[in-house]
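Please read these points with the sequence and the structure side by side.

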Amino acid sequence: MKSKAHLIILFIESILCIVMVFGRFSIPNPFATVISFPFVQISGLLRGLSLSSTFGNIMAIILYVLLCFSPWLLFIGKRRTRVLEDQLIIILPFVLLYAIYQMINPSALFLFNNLAMNNAILGLLINSIIFSYFILRAVRKFYTKTTTKLIDYLLIVFVIVNVTLVFQIVYQGLFDAYQTFQLMQINNSGYTELFRINLLFIAGRFIISNLPLFLNVIIVYFGCEVLIQLKETGYSTTTLLGVNKLTNFCKQSLVLILFTNVFFQIIQLIFAKSLFIVNSTFDFPIFSILFIAICILVTNLINENKTLKEENESFI
């Protein structure tokens, strides 16, 4: 995936998240909603069809069974040795039969008297089986793919990581800050000096808490740039410069995250008596540390390969 497409995806996602926050299209319990999609929606359609008429009920049962056993279509027309991950596809229809039946009949709550929580547990079970299958298949394919194909897969994974990070920043982070502002506005009438101070701290808390995520987005994007360079030019000087640039940015991000966090905690402590909400957290930048280690390893590998190549060329 090209860098331009990467940026367009993140930009469109950011706009949609902002519209959802300020357009009051908030997702109730985002985790439960996302993790149970699209099975809750499918169950709702089957429930509506079943209650429409006798014929509709028969059609709903037929569609329910066909849908649940549809994963077995992966085995049709393919003559290959069964591998370990295929066992997940074999058991998936039986899990779907149980889970979708529970979602179609919300009155038959089996764990908690909370529909969203039950749907989240069922959705998590289904998605864990599906994702486990595709992850194991992808890992198995890695052994037979060329370096170019592996880079293509990694680029897709990096884009998915960035989509998740942007959702956390723009939707979850902005929504939490907006809710805090509305709550403060309700409980404190009038734009007093105290209100302005708290407003500044809400903005500051949003920036500090999401700064690691934002920097991770940039790091992942630079990582994609390096992978594209590696794909196009191999272990060239351009690739080495890109890796060094990424390593330096990771180091700077690590310093920035740690120092801004400490600085904000000190300022918050000074103004603690004037604040309506005091929230002390420490974000350990494990992502930046991990990327620094990977970048240093890749840099050493590129240098070693370049040295070996130059020695072979001089020998020839």
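1. Of the contacts in the protein chain with a separation of 6 or more, what percentage is between residues 24 or more positions apart? The figure is 74%, where contact means heavy atoms within 4.5 Å.

2. A word on the source: this is a predicted model, in which local features need pLDDT of at least 70 and side-chain atom pairs count only at pLDDT 80 or more, while totals for chains, interfaces and linings use all residues. Residues are numbered from 1 along each chain as its sequence is written, and side-chain values use heavy atoms, with hydrogens and water left out.

3. The protein chain has 10 helices and 0 strands. Helices (H or I, at least four residues) and strands (E, at least two) are DSSP runs, numbered from the N terminus. Of the 316 residues in the protein chain, 34% are buried; that word means under 20% relative accessible area, with exposed over 50% and partly exposed in between (1.4 Å probe, protein chains only).

4. Helices α3 and α4 pack with their axes 6 Å apart, at an angle of about 150 degrees. Axes are lines fitted to C-alpha atoms, for helices over the stretch in contact, and angles run from 0 to 180 degrees between N-to-C directions. The two helices, α3 and α4, are therefore roughly antiparallel. The cut-offs are under 35 degrees for roughly parallel, over 145 for roughly antiparallel, 65 to 115 for roughly perpendicular, and oblique for the rest. On the α3 side the contact includes I42, L46 and L49, and on the α4 side it includes M59, L63 and Y64. By class, this contact of α3 with α4 has 8 nonpolar, 4 polar and no charged residues. Here Ala, Val, Leu, Ile, Met, Phe, Trp, Tyr, Cys and Pro count as nonpolar, Asp, Glu, Lys and Arg as charged, and the others, Gly among them, as polar.

5. Helix α4 (residues 54-69) also meets helix α5 (residues 86-104): their axes come within 8 Å and cross at roughly 140 degrees. That angle makes α4 oblique to α5. From α4, Y64, L67, C68 and F69 take part, and they meet residues of α5 including F94, L97 and Y101. The contact of α4 with α5 has 12 nonpolar, no polar and no charged residues.

6. Which residues touch the most other members of the largest nonpolar core? They are Y64, L92, L96, I100 and I126, out of 18 residues in that core. A nonpolar core is a set of buried Ala, Val, Leu, Ile, Met, Phe, Trp, Tyr and Cys residues joined through side-chain atoms within 4.5 Å. Helices α3 (39-52), α4, α5 and α6 (115-142) each supply at least two residues of this core, and α5 gives the most, with 9 residues.

7. P71 is found in the loop between α4 and α5. Is P71 buried or exposed? P71 is buried, because its relative accessible area is 12%. Leaving aside neighbours within four places in sequence, P71 is in contact with I89, L92 and L96.

8. N162 is in helix α7 (residues 147-187). N162 counts as buried, because its relative accessibility is 0%. Neighbours within four places in sequence aside, the contacts of N162 include H6, E13, N216 and Y221.
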